[in-house]
There are 2 protein chains.
Amino acid sequence: MSNLIDDPLSDLRAEGVRVTRQRLAILHVLREASDHPRAEEILARARAQDPSVSQATVYRTLAVLEKAGSVLRNEFDGSGARFELADRQHHDHLIDLDTGAVVEFRSALIEQLQAEIAAELGYDIEWHRLELYGRKTTGV
Amino acid sequence: MSNLIDDPLSDLRAEGVRVTRQRLAILHVLREASDHPRAEEILARARAQDPSVSQATVYRTLAVLEKAGSVLRNEFDGSGARFELADRQHHDHLIDLDTGAVVEFRSALIEQLQAEIAAELGYDIEWHRLELYGRKTTGV
DNA sequence: GACGATAATGCGAATGATTCGCATAATGTC
DNA sequence: GACATTATGCGAATCATTCGCATTATCGTC
């Protein structure tokens, strides 16, 4: 289902970044993940494919990919970052306070308003973080 | 300038929360702070008023006040929470990537859009976090 | 104004997530 | 295939935060 050669890493080869077995495993995990796993969970899943992957390598690889813009780091709750591949369109997150589930959404209008507000304050937005925390609507 | 009896703590007395010297010192620090200090900075400032304040007490007091809704915890960058008194109107933050300065702003329209988006997804928003990260506009 | 039940404190140790140092292993280049 | 150099695994180190516990202080009551 997935290509043998993984793009983000291959792209980085020219910059001296090496494509290793463990990095491919970690990238594979991120590709397959529909949730937003933590480092510990990424480690566990990566080890299923390649038991040699270590915790330090997970963190180092995530750092490399994040710096390259291929991975996004989220700090939803206070207990550990959650990661996702930055391969799709930009989006924000709605976190279910009961289940911890993460729903992605996008609003061009909100983003436009953000830019306007920043401009009024004399700033150019580099990036932003919008997180909604809520619970499933009850009743109706 | 500030009252002798501090409100948030006094309000909590009925619930078994005690008003102590160190808690008053910490609250005083938050009152005087126009920035969004970290726990360590709050400790340093509180000690200027009462040297007996310990690190553990700062964290415990912030937790008490946060639970009571009198203090807001922010996780702007990855390195430690930054606190502020929740005595004014709700607002969001614009963080200056160059200086770390925090500008507060508010947009009723954005909040309305957030509620609408959440409703479409079948959620009621409990709270939210909107942070813009940018740099001062150059030129003009 | 002292008494006592109980909450809060300071200290230092423990925790949890993340990062580092270093010797060894692997990658990509020539 | 040999080499320079980047990555790895391991365990130790960090950083912010929390805990355990013996001691101290608050506050409602007499």
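This is a predicted model: local features need pLDDT of at least 70, side-chain atom pairs count only at pLDDT 80 or more; totals for chains, interfaces and linings use all residues.
Local features here need pLDDT of at least 70, side-chain atom pairs count only at pLDDT 80 or more, and totals for chains, interfaces and linings use all residues. Residues are numbered from 1 along each chain as its sequence is written, while chains are lettered from A and ligands numbered from 1 in the order in which they are written.

Trainee: In what order do the elements of chain A run from the N terminus on?
Mentor: Helices (H or I, at least four residues) and strands (E, at least two) are DSSP runs, numbered from the N terminus. Chain A has 5 helices and 5 strands. Their order is α-α-α-α-β-β-β-β-α-β.

Trainee: What percentage of the residues in chain A is buried?
Mentor: A residue is buried if 20 or more other C-beta atoms lie within 10 Å of its own, exposed if 12 or fewer, and partly exposed in between, with C-beta atoms placed from the backbone. The C-alpha atoms fill a box of roughly 45 × 40 × 30 Å along the principal axes. Of the 140 residues in chain A, the buried part is 24%.

Trainee: Which elements do the buried residues of H3(A) pack against?
Mentor: Helix H3 of chain A spans residues 39–49, and its buried residues are Ile42(A), Leu43(A) and Ala46(A). They sit on the same side of H3(A), because they cover an arc of only 105 degrees around the axis, taken from the directions from the helix axis to the C-beta atoms. An α-helix has 3.6 residues a turn, so residues three or four places apart point the same way. The packing partners in chain A are H2, H4 and strand S2 (82–85).

Trainee: Which exposed residues does the face of H3(A) turned away from its buried side carry?
Mentor: The buried side holds Ile42(A), Leu43(A) and Ala46(A). The face turned away from it carries Glu40(A) and Ala48(A).

Trainee: How is chain B laid on chain A, and what relates the two copies?
Mentor: Superposition is by least squares on the C-alpha atoms of residues with pLDDT of at least 70 in both copies. A turn of 180 degrees and a shift of 0.0 Å along the axis give an RMSD of 0.1 Å. The copies are thus related as by a two-fold rotation axis.

Trainee: Which element gives the largest share of the side of chain B that touches chain A?
Mentor: Two residues are in contact if their C-beta atoms, placed from the backbone, lie within 7 Å. The contact takes 30 residues from chain B and 30 residues from chain A. Strand S4 (102–105), helix H5 (108–120) and strand S5 (123–136) of chain B each give two or more residues. The largest share, 14 residues, comes from S5(B).

Trainee: In which sense do S5 of chain A and S5(B) pair?
Mentor: Two strands pair if DSSP finds at least two bridges between them. Here there are 13 bridges. Arg129(A) stands opposite Glu131(B). The sense is antiparallel.

Trainee: Which residues are the closest to DNA strand D?
Mentor: H2 and H4 of chain A and H4 of chain B each supply at least two residues of this surface. Among the 27 residues that surround DNA strand D, the closest are Ser54(A), Thr57(A), Val19(B), Ala56(B) and Ala81(B).

Trainee: Which residues is Val19(A) in contact with, leaving aside its neighbours within four places in sequence?
Mentor: Val19(A) lies in the loop between H1 (7–13) and H2 of chain A. It counts as partly exposed because it has 14 C-beta neighbours inside 10 Å. Its contacts are Leu9(A), Ser10(A), Arg13(A) and Leu24(A).

Methods:
A residue is near a molecule or strand if its C-beta atom, placed from the backbone, lies within 6 Å of it.
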